[in-house]
Amino acid sequence: MSIEISANSRKVHGTGANRRLRTQGRLPGVIYGGGAATQSIDLDHKDLYYKLKTEAFHASILSISVDGKKEQVLLRDVQMHPFKQQVLHIDFQRVRQDQKIHVKVPLHFINADIAPGVKLSGGMISHVVTEIEISCLPKDLPESIVVDLSEMTAGSTIHTSDLKLPENVEIPALLRGDNQPISTLIVPRGGETAEESA
């Protein structure tokens with residue numbers, strides 16, 4: 001899915017200038033990296049605010065048009081107002097097709113209802129993490145990674161190493177030897193397995 005953003009190059013800087021932009025419904029931001037100079041931009045706040053509510057916006061390569069010139073970028077940082085529903089500043093990083101990117105993508109959990117530990121033991125599945133950092137070339141970036149829970153039994157845990165990754169996608173944490181838990185199946189006290197009840 002391609003997500004497009006429109007922006008203007010920003011000539012004025014500083015706290016006062018940014019405050020004036022925000023009162024006009026604009027959002028200050030920057031684009032950096034990719035071997036080019038950092039570029040100051042401003043965007044439509046309302047449009048960006050609603051885009052930020054979509055999962056794909058945080059884990060996709062975005063197409064940003066600045067004064068008519070298009071670039072591919074990743075969302076890197078968002079500064080929110082402490083209590084208002086307002087974005088204060090946004091950072092994008094340029095993407096080069098020949099360089100690997102590090103991105104957090106969401107985990108989509110499936111088949112929890114048919115897991116033996118749920119059906120037979122009355123267990124509950126607890127998600128330890130709901131997103132994970134991956135590394136890949138831009139063309140190989142998945143929108144999400146599916147976690148199949150259908151084989152989970154009472155007391156079992158799915159770890160990072162159990163994930164089925166798309167081709168050419170790596171998990172940097174695994175390369176560092178960090179095999180963290182993703183989901184666990186907990187049986188509440190008083191729960192019993194079908195074998196025990198028999």
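**Helix and sheet**

Guide: The elements covering the buried residues of α1 include β2 and β3. Covering is judged by contact, that is, heavy atoms within 4.5 Å. Helices (H or I, at least four residues) and strands (E, at least two) are DSSP runs numbered from the N terminus. Buried means under 20% relative accessible area, exposed over 50%, and partly exposed in between, with a 1.4 Å probe and protein chains only. The model is predicted: local features need pLDDT of at least 70, side-chain atom pairs count only at pLDDT 80 or more, and totals for chains, interfaces and linings use all residues. Residues are numbered from 1 along each chain as its sequence is written, and side-chain values use heavy atoms, with hydrogens and water left out.

Visitor: Which residues in α1 are buried?

Guide: Ala17, Asn18 and Leu21. Viewed down the axis of α1, the buried residues fall within an arc of 100 degrees, so they line one face of the helix; the arc is that of the directions from the helix axis to the C-beta atoms. Exposed residues Thr15, Arg19, Arg20 and Thr23 sit on the face turned away from the buried side.

Visitor: Which strands does α1 lie across, and at what angle does it run to β2?

Guide: Helix α1 (residues 15-23) lies across β2, β3 and β6, and its angle to β2 is about 125 degrees. Axes are lines fitted to C-alpha atoms, for helices over the stretch in contact, and angles run from 0 to 180 degrees between N-to-C directions. After α1 comes Gly25, with a positive phi near 80 degrees.

Visitor: How should I read the strand pairing?

Guide: Two strands pair if DSSP finds at least two bridges between them. Here a closed barrel of six strands runs β1-β3-β2-β6-β5-β4, with mixed pairing. On average, neighbouring strands of this sheet are turned by 45 degrees against each other, direction ignored.

Visitor: In which sense do β2 and β6 pair, parallel or antiparallel?

Guide: Parallel, over four bridges; Gly29 has Ile90 in β6 as its bridge partner. By contrast, β5 and β6 run antiparallel and are joined by seven bridges, with Leu75 opposite Phe92 in β6. These two strands form a hairpin with six residues between them. Strand β4 (residues 62-66) also pairs with β5 in the antiparallel sense, over five bridges, and Ser65 has Lys70 in β5 as its bridge partner.

Visitor: How many of the residues of β6 are buried?

Guide: Six of the eight, so β6 is largely enclosed by the rest of the structure.

**Charged pairs**

Visitor: What is the idea behind a salt bridge?

Guide: Side chains of opposite charge can pair when their charged atoms come close. The rule used is a side-chain nitrogen of Lys or Arg within 4 Å of a carboxyl oxygen of Asp or Glu.

Visitor: How many salt bridges does this rule give?

Guide: Seven. One of them joins Arg26 and Asp42, whose closest N and O atoms are 2.7 Å apart. Arg26 lies in strand β2 (residues 26-32) and Asp42 in strand β3 (residues 39-44), so the pair ties together parts that are 16 residues apart in sequence. Asp42 is buried, at 8% relative accessibility.

Visitor: Which residue does Arg94 meet in a salt bridge?

Guide: Glu71, at 2.8 Å from N to O. Arg94 is in strand β6 (residues 87-94) and Glu71 in strand β5 (residues 69-80), so to speak distant parts of the chain, 23 residues apart. Both residues are buried. Asp98 and Arg96 form a further salt bridge, at 3.2 Å from N to O. Asp98 is exposed at 54% relative accessibility, and Arg96 is partly exposed at 35%.

**Nonpolar cores**

Visitor: And the cores?

Guide: In soluble globular proteins, nonpolar side chains tend to be buried together. A nonpolar core is a set of buried Ala, Val, Leu, Ile, Met, Phe, Trp, Tyr and Cys residues joined through side-chain atoms within 4.5 Å. The largest one here has 25 residues, and those with the most contacts inside it are Val105, Leu107, Ile132, Ile134, Leu141 and Ile182. At least two residues each come from β7 (101-110), β9 (131-136), β10 (145-148) and β12 (181-186). β7 gives the largest share, four residues. Apart from this core lies another, of 20 residues, including Ile5, Leu52, Val66 and Phe92.
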